[in-house]
Amino acid sequence: MSAPDDDTFAEEGGEMEELAEAGSDEDEGVDMEEEEGAAGEGGRKVYVPGIEPLRPGEQLEMDRSAYRMYHECQTGAPCLSFDVLRDGGGESREQFPLSMLLCAGTQADTAMSNRLLVIRMHNLHGTEKDKEGEESSDEESDEDEEEDGDKKPQMELAMMPHYGGINRVRVCSDIFCGELVHEFLLHRELVQLAQGLILLLNSQATQRGEQSLAAVWSDKGQVEIFDLQPQLVAVHSSAAMASFIKQQKEATALFSFSGHMAEGFAVDWSPTVPGRLVSGDCKKNIHVWEPREGGTWQIDQRPFSSHSKSVEDLQWSPTEATVFASCSVDQSIRVWDIRAPPNSMLSADGAHSSDINVISWNRSEPFILSGGDDGLLKVWDLRQFKTGRPVANFKQHSAPITSVEWSPVDSSVFAASGADDVVSQWDLSVESCDVGARVEGVKDLPPQLLFLHQGQSEIKEIHWHPQMPGVMVSTALSGFNVFRTISV
């Protein structure tokens, strides 16, 4: 898909768009376990960011063989944050073509120009190896062109105007959410879109417990909850999309909270208690939201307040319903129990030497992953948390870490992104003795480092797709990348 100007959008949301496939000269993937000697073929060599700068006139060339899938797209104004929406396509999907749903929020030049987006990407095919040295007839060439046309990735955008830049988006999909918004939906004008199609589908979705809500932290100092169902219907139906565009107006929140009195970035839905939410702001305060009947939340005005500076990220425990973790500009990571406010029950002070930007809680093991302005990635074992010492410490990125996330399907694998425009993939189960021959120039890298992905400018956030093993999505100032490497 070709992007419009940075502060404009594609034709209001609905039209079929094409995503660009791999092939940019600026893109490069480095697989850390290529065979020795491969770098010597044709004078090619592996470039490792942070070790040797590019010389004048040098350009990076993407190695398509390092990816099982690679696509890129743009949505107009850049998205600082996004989340993956689970869909009904099944678990552990690996067969191409793939499709996915994302929710994203923009950071446009003016408050009025922002949008809350639901994105549907589909017809995502794998990366085919180049056919070298093959000659083909005109007839075969025509057939190849027709086949390539059938494999073009597609994208639909349903965009809802949102006043104010969106700092972070997190999506909740569960039975509670469906029940919560059902009464509200019956009174919304949007339910009349596409001759009652929205109302019908919303009622069915509510009964099946498939309603999706988005929690949005905006730069106007509010945390808002939005119903995504009208947009989800629109990206799957051209008739619904046409009606959605015709009826479109500024997004109306199901619920909003202004009690933080400042803007923030940290927000997370509980994976164990449907509808429970936690949010943190730049003034060090954290509030827990408890769901109530009638489409509202009860929020204790007394915040959790052991941090001394801005709360940057929050993560609920995947197993303990009342426990969450936080990280802060005060260089600490804290673990809290909502039954014992307002102070944290565990803390690692001085966990990093500078601001701690992001954390991720492992779904299977008692590990928390953190990334900070010092460019360090640290793994913390909660069983040894009081010692204040991480069990693993990696310095590969040359700039602040902007996002981290454990793989949803492999408890030893995680990914990180940095302000050095690199996405790194790691596997803690790899030891030095497991590593075979390596390309010259990467022998001194940590054996746990699997892959370095480049090609984007100012990467802000990354997520694994929970239903597609190994598939990652990243957002940056330059747009989105959707890819799967040969390493994961």
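Helix H5 (residues 238-247) has four buried residues, Ala240, Met241, Ser243 and Phe244. Buried stands for under 20% relative accessible area, exposed for over 50%, and partly exposed for what lies in between, with a 1.4 Å probe and protein chains only. Because they cover an arc of only 165 degrees around the axis, these residues lie on the same side of H5; the arc is that of the directions from the helix axis to the C-beta atoms. Ser238 and Lys246 are exposed on the other side of H5.

This is a predicted model, in which local features need pLDDT of at least 70 and side-chain atom pairs count only at pLDDT 80 or more, while totals for chains, interfaces and linings use all residues. Residues are numbered from 1 along each chain as its sequence is written, and side-chain values use heavy atoms, with hydrogens and water left out. Helices (H or I, at least four residues) and strands (E, at least two) are DSSP runs, numbered from the N terminus.

**Strands**

Four strands form an open sheet in the order S17-S18-S19-S20, with antiparallel pairing; two strands pair if DSSP finds at least two bridges between them. Strand S17 (311-316) and strand S20 (346-348) stand at the edges with a single partner strand each, so one side of each has no neighbour in the sheet. Strand S19 (residues 333-337) is joined to S20 by three bridges, and Val335 has Leu346 as its bridge partner in S20. The loop between S19 and S20 holds Pro342, and the peptide bond from Pro341 to Pro342 is cis, with omega near 0 degrees.

Elsewhere, S29 and strand S30 (residues 472-476) are antiparallel and pair over five bridges. Trp464 has Met472 as its bridge partner in S30. Five of the six residues of strand S29 (residues 459-464) are buried, so the strand is largely enclosed by the rest of the structure.

**Cores**

A nonpolar core is a set of buried Ala, Val, Leu, Ile, Met, Phe, Trp, Tyr and Cys residues joined through side-chain atoms within 4.5 Å. The largest has 21 residues, of which Met100, Leu102, Ile119, Met121, Phe480 and Val482 touch the most other members. Strands S4 (67-73), S5 (79-85), S6 (98-106), S7 (115-124), S8 (154-161) and S31 (479-485) each give two or more residues to this core. Apart from it lies another core of 20 residues, including Leu101, Cys103, Val171 and Leu232.

**Aromatic pairs**

Rings of Phe, Tyr and Trp (its six-membered ring) pair if their centres lie within 6.5 Å; planes under 30 degrees apart count as stacked, over 60 as edge-to-face and the rest as tilted.

| Ring pair | Centre distance | Plane angle |
|---|---|---|
| Tyr67 and Phe451 | 5.3 Å | 75 degrees |
| Trp406 and Phe414 | 5.4 Å | 75 degrees |

Tyr67 lies in strand S4 and Phe451 in strand S28 (residues 449-453), so this pair ties together parts that are 384 residues apart in sequence. Tyr67 is buried at 3% relative accessible area, and Phe451 is buried at 0%. Trp406 and Phe414 are both buried. Ring pairs also link Phe255, Phe257, Trp269, Trp289 and Trp297 into a cluster.

**Backbone details**

Pro97 is in the loop between S5 and S6, and the peptide bond from Phe96 to Pro97 is cis. Ser92 is placed in the loop between S5 and S6, with phi near 50 degrees, a positive value in a residue other than glycine.
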